[in-house]
Amino acid sequence: MNRLSYYFLLSCVALLWSCDQDIDYPYQGKDRIQFQHYTVDWNGNRNYSDSTLFSFGLIPSEVREDTLKLPVEYLGNGSDRDRTYKVSIVADSTTAVEGVHYLAFNSLQTFRANELTDTLYIVVLRESLSKDYAEGENIRLELKLEATDDFALGLDGGIQRKIVFNDFMAEPTWWQGSLSGSFGFYHPKKWKFLIEEIGDEELATYGSIPYDRNSPEIKSYVNSMDRYLRNTVVIDDVTGMRVTMNGLEPIE
């Protein structure tokens, strides 16, 4: 079985699992283009979403621009020739400004021959993004796929994608998700402690992590963070208050 036929079978299975759009089964007609609207965690589970966070918060300050890579996929039989798909900007729900927050990109993009997935590249500019964690201002770029001669549209959940830009260490989903708030209230300096002082690079991500709240590593890290915050005065740069496990407190 070749890899395109294999992907076709996987696509059919995905269609049976999905309930957000009716698509003919067995598959007929044009291949259907969509953004990959799920991630796979460490347990192999798919987590679906309609948005992507792109943050410079974990990137060294000397990096002034970086490239967002959005996976694009299709449902169907595949092709041995390059094909064209179209991406447009949803203006009424976009706050990002071309040339200020991102560089212009072509609305017509190439999906390469014999590939199961491809990538939409967007260069993001750092200079004008908010660095204020307390304000939490996010810049939004909303994208929408459009039908072309080569592709019809895929599942509803994958036709539009919200991209959120910022330049601060926004709270990662695992802080209250898989770890169930094990480290107390979120603060960027607590996350920095885990990355820089504990030195666990698995935690330097906004994606999934290979731990849950019962993992021995997390229990050890909680104890280390609690001890560190009790013995070290860590100051919130905005309020001037002390960062603790449970919140901000006045300095005595």
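Aromatic pairs come up 16 times in this structure, where a pair means that ring centres of Phe, Tyr or Trp (its six-membered ring) lie within 6.5 Å, with planes under 30 degrees apart called stacked, over 60 edge-to-face and the rest tilted. The model is a predicted one, so local features need pLDDT of at least 70 and side-chain atom pairs count only at pLDDT 80 or more, while totals for chains, interfaces and linings use all residues. Residues are numbered from 1 along each chain as its sequence is written, and side-chain values use heavy atoms, with hydrogens and water left out.

One of the pairs is Y133 with Y186, edge-to-face at 5.9 Å centre to centre and 70° between the planes. This pair ties together distant parts of the chain, 53 residues apart: Y133 lies in the loop between β8 (117-125) and β9 (139-146), and Y186 in the loop between α2 (173-176) and α3 (188-198). Helices here are DSSP runs of H or I with at least four residues, strands are runs of E with at least two, and both are numbered from the N terminus. Y133 is partly exposed, with a relative accessible area of 29%, whereas Y186 is buried at 4%; buried means under 20% relative accessible area, exposed over 50% and partly exposed in between, using a 1.4 Å probe and protein chains only. W175 and F183 make a tilted pair, 5.4 Å centre to centre with 45° between the planes, and both of these residues are buried.

Now for the strands. Overall, the chain has four helices and 13 strands. Five of the strands make up an open sheet in the order β4-β11-β9-β6-β7, with mixed pairing; two strands pair if DSSP finds at least two bridges between them. β4 (51-55) and β7 (108-111) are the edge strands, each with a single partner, so one side of each has no neighbour in the sheet. On average, neighbouring strands of this sheet are turned by 30° against each other, direction ignored. Inside the sheet, β6 (residues 83-89) runs antiparallel to β9, joined by four bridges, and K86 faces E146 in β9.

Elsewhere, β5 (residues 65-75) is joined to β1 (residues 32-35) by four bridges, running antiparallel, and I33 has Y74 in β5 as its bridge partner. β5 is also antiparallel to β8, this time through nine bridges, with E73 standing opposite T117 in β8.

As for the chain as a whole, 42% of its 252 residues are buried. Of the contacts (heavy atoms within 4.5 Å) between residues at least 6 apart in sequence, 68% join residues at least 24 apart. The mean pLDDT is 88, and 88% of the residues reach 70 or more; pLDDT is the predictor's confidence in each residue, from 0 to 100. Residues 1-22 have pLDDT below 50, and this stretch has 38 contacts in the model beyond near neighbours in sequence.

How values were computed
Axes are lines fitted to C-alpha atoms, for helices over the stretch in contact, and angles run from 0 to 180 degrees between N-to-C directions.
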